[in-house]
Amino acid sequence: MAALSDARRVVVKIGSALLVDKETGAFRDAWLRGMAEDVARLRARGADVVLVSSGSIALGRGVLGLPRSDLPLEQSQAAAAVGQIRLARAWEEGLAPHGITTAQVLVTLEDSADRRRYLNSRATMEALLAHGVVPIVNENDTVATDEIRYGDNDRLAAQVAVTVGADQLILLSDVDGFYSGNPALDAGARRFDVIERITPEIEAMAGDAGSGLSKGGMKTKILAAKTATAAGCAMAITEGSGVKPLSALEAGAPVTWFTPQTDPHTARKRWIAAMKPRGALVVDAGAETALTAGRSLLPAGVANVEGSFGRGDPVAIKTVGGAMLGYGLTRYTAAEARAIRGHKSNEIEAILGYPGRAVLIHRDDMAL
Ligand SMILES: Nc1ncnc2c1ncn2[C@@H]1O[C@H](COP(=O)(O)OP(=O)(O)O)[C@@H](O)[C@H]1O
Ligand SMILES: N[C@@H](CCC(=O)OP(=O)(O)O)C(=O)O
């Protein structure tokens, strides 16, 4: 079974009900301060932390004096716009005393569906984490329309966990795990410690949300678990309303862990290898040696470019002799690749007229 103390890179999802009091609509700032201490502790032992924080709509609703009932889309989007700025500030003010810099990252479903945006947001998140920053992620509710919304942050958090290659995703909820039925309605329901595989029987046990502030319920948490575990990320559901929920989890608080179905590295390689290539990069003998040694593909090692592709597209990697080496996601278009092939990385800017990336295919985006 996974343990938070082993986490290398962890995404923590915080439900609206943890940050905003269900009854009064007041912001639970003492809770946030405790959570900030927990995050600081994880950071201090070297783990990367990403927070996916809900609460913008619940916060904004209170400020605008909107009712607790379901709101029309434009009203909840207005509430989100008002609430998000407060939410981001609250995290910034909570984490700053621990010397932690925060960043606001607002994403939509389209960002992960579009490969170019996906790769870009992946690179941005990597850069933030390399700086030791704790990204605070939420859905960009003001621009997301019904068709392109996640609508719940459970699935969004799973997508973020996959994007950053997290090894653990912790969903802090108002319930201490996954039960055989909705415990709010069924007193006989029992909690699972571990779910090794998500079977149709497990899926049938997941019910809707219990509180008026929340969106997803267990249905979206199971969808999140499918996404995360298929990408090699362990997922936990645990109760988050106590003062320091991550400390509590490490001290043995009740939890349900979902077992990863593979390791993140293999999952990503499989994903890349399964895509239909839009073209090919033909590499010289030096590049072939570098790639097999686990290095990224530099423009200097590319002898030829075949086909027509955009940034982020899958391409085949072939040797000059025509042997297939593998597949990768390209960081340049076919036209750019043709212009810079054979050139050193420090010549790229002069050729393209703008600063480019040093590598054509990063080793993390390659399956040989
Ligand atoms: N099988 C189940 N096990 C546990 N909780 C369930 C189950 N089915 C439905 N629920 C409900 O899901 C709720 C948690 O989801 P939700 O209200 O969306 O919280 P969050 O704000 O954490 O996303 C629980 O409080 C419970 O009422
Ligand atoms: N983006 C929305 C998220 C809504 C949502 O997923 O809420 P929850 O089920 O409490 O995590 C917000 O910030 O209000």
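Modeller: Let us begin with the term on which much of the reading rests: two residues are in contact if their C-beta atoms, placed from the backbone, lie within 7 Å. Please also keep in mind that this is a predicted model. As a case, Ser-173 touches Gly-15, Ile-237, Glu-239 and Gly-240, when residues up to four places away in sequence are not counted. Ser-173 itself belongs to strand 5, residues 168–173.

Biologist: Is Ser-173 buried or exposed?

Modeller: The cut-off for a buried residue is 20 or more other C-beta atoms within 10 Å of its own. Ser-173 has 28 C-beta neighbours inside 10 Å and therefore counts as buried.

Biologist: Which residues does UniProt list under "binding site"?

Modeller: The UniProt record, an unreviewed entry, gives Lys-13, Ser-173 and Asp-174 under that heading. These residues are spread over 162 residues of sequence, yet they cluster in space, with a largest C-alpha distance of 11.9 Å.

Biologist: Where is Lys-13 found, and with which residues is Lys-13 in contact?

Modeller: Lys-13 lies in strand 1, which covers residues 9–14. Beyond its neighbours within four places in sequence, Lys-13 is in contact with Val-52, Asn-153, Asp-154, Ala-157, Ile-170, Leu-171 and Leu-172. Lys-13 counts as buried because it has 31 C-beta neighbours inside 10 Å.

Biologist: Which residues of helix 7 and helix 9 meet?

Modeller: From helix 7 come Asp-154, Arg-155, Ala-157, Ala-158, Gln-159, Ala-161 and Val-162, and they meet Thr-220, Lys-221, Leu-223, Ala-224, Thr-227 and Ala-228 of helix 9. By class, the residues of this contact are seven nonpolar, three polar and three charged.

Biologist: How does the pair formed by helix 3 and helix 4 read?

Modeller: Helix 3 and helix 4 pack at about 100°, with their axes 6 Å apart. The two helices are therefore roughly perpendicular to each other. Helix 3 contributes Ser-56, Ile-57, Ala-58, Leu-59, Gly-60, Arg-61, Val-63 and Leu-64 to the contact, while the residues from helix 4 include Ala-79, Val-82, Gly-83 and Leu-87. In this contact there are eleven nonpolar, five polar and two charged residues.

Biologist: How many residues of helix 3 are buried, and what covers them?

Modeller: Helix 3, residues 56–64, is mostly covered, as seven of its nine residues are buried. Among them are Ile-57, Leu-59 and Arg-61. The cover includes helix 1 (16–19), helix 4 and strand 4 (134–139). Just after helix 3, Gly-65 takes a positive phi of about 70°.

Biologist: Which residues touch the most other members of the largest nonpolar core?

Modeller: A nonpolar core joins buried nonpolar residues through C-beta atoms within 7 Å. The largest core has 69 residues, and Val-11, Leu-51, Ala-157, Ala-161, Leu-169, Ala-228 and Met-235 touch the most other members. Helix 4 (residues 73–95) supplies the largest share, seven residues. Apart from this core lies another, of 24 residues, including Val-302, Ile-317, Ile-348 and Ile-361.

Biologist: What does the record give for "domain: PUA"?

Modeller: The unreviewed UniProt entry lists residues 279–361 for that domain. Over this range the chain is 24% helix and 28% strand, and the end C-alpha atoms are 13 Å apart. Leu-297 occupies the loop between helix 12 (285–292) and strand 10 (302–307). Leu-297 is buried, because 26 other C-beta atoms lie within 10 Å. Its contacts beyond four places in sequence include Leu-281, Ile-317, Gly-328 and Ile-361.

Biologist: Is Ile-272 buried or partly exposed?

Modeller: Ile-272, in helix 11 (residues 264–273), is partly exposed, with 18 other C-beta atoms within 10 Å. Ile-272 touches Pro-314, Tyr-327, Gly-328, Leu-329, Asp-365 and Ala-367, leaving out residues up to four places away in sequence.

Methods. Residues numbered from 1 in each chain as written. Chains lettered and ligands numbered in written order. Predicted model: local features only at pLDDT ≥ 70, side-chain atom pairs only at ≥ 80, totals over all residues. Helix = DSSP H or I, 4+ residues; strand = E, 2+ residues; numbered from the N terminus. Nonpolar A, V, L, I, M, F, W, Y, C, P; charged D, E, K, R; others polar. UniProt positions renumbered as here; feature names shortened; annotations may be inferred. Buried ≥ 20, exposed ≤ 12 C-beta atoms within 10 Å, placed from the backbone. Axes fitted to C-alpha atoms, helices over the stretch in contact; angles between N-to-C directions. Parallel < 35°, antiparallel > 145°, perpendicular 65-115°, else oblique.
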